[in-house]
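I opened this notebook to record what I looked up in one structure.

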Amino acid sequence: MTAPDGQLLDVLVVGAGPTGLAAALIAHDHGAHVRIVDRRPDAPRFSRAFLVQPRTLEVLRPHGVTDELLALGDSNPQVHLHLRRRCVPVDVGEIRLPDTAFPNFLLVRQADVEAVLRRALRGRGVEVEWETQCESFRADDGVVCDVTHHGIRRQIATRFLVGCDGSTSTVRATAGISWDGSVYPHEILLADIELEGEVQIGVTHVAVHREGLLFLLPLGETTRWRVLTAQPPNRAQAPTDRQHLQKILDRADVPARITRIAWSERVRVQHRVASRYRCGPIFLAGDAAHAFSPAGGQGMNTGIQDSADLGWKLAFAARLRPGGDAALVRSYAEERRRAAQQVLLLTHVLFWAEAGRGRVPSLLRGAFSSAGAPLVPVLLRRRLVAHAVRVLAQLRRHYRHGPLSVEGSGDSGVAAPAGERIPDEEVAVDGGRQRLHDLIATPAVHVLLHRDTQWGMPPAPDGRLRVHRIRSWSGTGIVIVRPDGYVGFRSGSGTQGAAEWLELVGASSARST
């Protein structure tokens with residue numbers, strides 16, 4: 001499809017939050033011609049998310065942004081747990097994750113994540129088109145989107161439209177996709193504050209008390225501290241009321257006095273998942289597709305991982321013959337909507353434990369705040385805690401039953417089954433030993449051949465396929481890793497079926513336009 005301005009567009013992204021920016025970056029890096037628009041006049045100043053998980057860093061690594069993110073954040077944050085008047089230092093180093101280059105959670109502002117992604121796009125010649133509102137669109141074999149910029153109406157024609165425009169998504173509403181779920185009887189109170197008292201600077205403080213949890217993060221954007229806590233809705237009480245905020249700190253036994261409130265807001269919390277993630281050539285991602293409580297820091301990360309799944313698929317699909325992309329683009333909704341439902345259940349349980357006002361969660365929090373201090377070091381060393389951390393880090397997410405997960409013949413004896421994230425390990429390749437995740441840290445489909453595997457397929461154009469021989473893996477097996485780090489195809493005996501899988505996703509020259 002040719003746009004009215006004469007340019008051929010593969011992907012139009014609506015919404016320049018972390019999900020939209022990641023979608024544009026990943027699609028671009030896999031060869032798509034992309035544009036990204038946003039109705040806002042500029043990037044927002046204040047962050048609502050503060051945690052980037054190891055799996056998110058893994059999927060962003062091939063796009064050259066993780067070093068900058070790590071430099072801006074804290075990958076080994078100090079945490080002080082306040083249990084009534086006791087302060088328990090928590091050594092997060094005790095729960096470092098194996099088989100990944102990013103063993104810890106990264107504490108970093110959402111605004112910084114967005115700035116890094118915008119700079120990466122700008123370096124590739126893609127600028128966010130601010131103050132550009134998607135008004136409507138019509139779809140057939142492609143999409144024609146009507147947008148307004150400074151009151152001027154124009155059209156953008158594209159093969160695929162991706163709605164990353166938040167919980168009030170125009171794209172979702174226009175596509176007629178329902179927004180299933182409800183609103184929690186809570187709101188999140190956020191505020192930038194200055195404190196004086198007995199709270200160590202540069203440390204994340206988490207206070208557990210009968211009424212809920214309170215977080216003090218050393219990440220304020222106009223002050224030193226950002227406070228975050230769940231509260232019952234109270235529109236009669238101004239969120240900038242210092243006395244009100246001080247009472248919240250006092251109830252949590254935080255030994256500090258507020259000296260200044262620079263900014264605050266209340267955010268209603270929803271639990272919703274869109275009824276569909278795709279309507280023809282129109283896709284939803286991030287907060288346009290799902291809304292969770294902030295418990296566990298899942299929202300921004302799930303959105304970026306939506307983009308990691310969708311971006312390469314749309315770029316590859318844009319180069320397939322018409323009608324040849326059905327399985328590829330269909331797989332996004334099948335994989336990611338199921339993932340969102342799992343995250344929704346997880347965050348619902350966590351939010352109940354963190355902020356539930358019923359008798360049971362209140363008693364549990366009260367009991368832990370009274371008697372939990374001696375248990376903290378013991379719990380950190382338990383295998384159950386390590387498993388829970390891997391779930392929060394989204395390292396357990398899999399697509400084993402997805403349409404792109406294919407098991408060939410025989411047992412390869414190494415790596416993960418089809419549909420699972422491939423773990424990091426040291427491998428022997430031509431030229432010496434190397435970490436596997438270093439080897440595949442480029443935007444491409446990666447074919448990993450065992451030591452004795454025969455391979456005669458010609459390389460695909462545009463570098464979308466890379467072949468590596470793993471000398472430390474014996475036998476004649478093969479593992480094909482998708483661009484988002486999941487195993488797509490695996491066989492322990494020969495390469496039968498591998499060419500068909502590569503054709504299916506457009507990673508061979510056979511079905512390219």
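The entries below follow that order.

**Entry on the model.** I note at the outset that this is a predicted model, and I read each value below as computed from its atoms.

**Entry on cysteines.** I began with disulfides, which are covalent bonds between the sulfur atoms of two cysteines. How many disulfides does the rule give? The count that I found comes to zero. I then looked at Cys145, which is in no disulfide, and I noted that the nearest cysteine sulfur, that of Cys134, is 3.2 Å away. Is Cys145 buried or exposed? Cys145 has 0% relative accessibility and therefore counts as buried, where the cut-off for that class is under 20%. I also looked up Cys87, which at 40% relative accessibility counts as partly exposed.

**Entry on the sheet.** I next traced an open sheet of three strands, in the order β8-β9-β10, and recorded that the pairing is antiparallel. The edge strands are β8, residues 132-139, and β10, residues 152-158, each of which pairs on one side only. On average, and with direction ignored, neighbouring strands of this sheet are turned by 25° against each other. Turning to β9, I found that this strand covers residues 143-149 and pairs with β10 in the antiparallel sense over seven bridges. Which residue of β10 stands opposite Cys145? I noted that Ile156 does.

**Entry on α1 and α4.** I then examined helix α1, residues 18-29, against helix α4, residues 110-123, and found that they pack at an angle of about 25° with their axes 9 Å apart. The two helices are therefore roughly parallel to each other, since angles under 35 degrees count as such. Their crossing is left-handed. On the α1 side I listed Pro18, Leu21, Ala22, Ala24 and Leu25, which meet residues of α4 including Glu114, Leu117, Arg118 and Leu121.

**Entry on α7 and α8.** Last, I looked up helix α7, residues 299-317, and helix α8, residues 326-355, whose axes come within 9 Å and cross at roughly 175°. That makes α7 roughly antiparallel to α8, because this class takes angles over 145 degrees. Among the residues that make the contact I wrote down Asp309, Trp312, Lys313 and Phe316 of α7, together with Tyr332, Glu335, Arg336 and Val343 of α8.

Definitions and conventions: Residues are numbered from 1 along each chain as its sequence is written. This is a predicted model: local features need pLDDT of at least 70, side-chain atom pairs count only at pLDDT 80 or more; totals for chains, interfaces and linings use all residues. Side-chain values use heavy atoms; hydrogens and water are left out. A disulfide is a pair of cysteine sulfur atoms within 2.5 Å. Buried means under 20% relative accessible area, exposed over 50%, partly exposed in between (1.4 Å probe, protein chains only). Two strands pair if DSSP finds at least two bridges between them. Helices (H or I, at least four residues) and strands (E, at least two) are DSSP runs, numbered from the N terminus. Axes are lines fitted to C-alpha atoms, for helices over the stretch in contact, and angles run from 0 to 180 degrees between N-to-C directions. Angles under 35 degrees count as roughly parallel, over 145 as roughly antiparallel, 65 to 115 as roughly perpendicular and the rest as oblique. A crossing is left-handed if the near helix is turned anticlockwise from the far one by less than a right angle, and right-handed if clockwise. Contact means heavy atoms within 4.5 Å.
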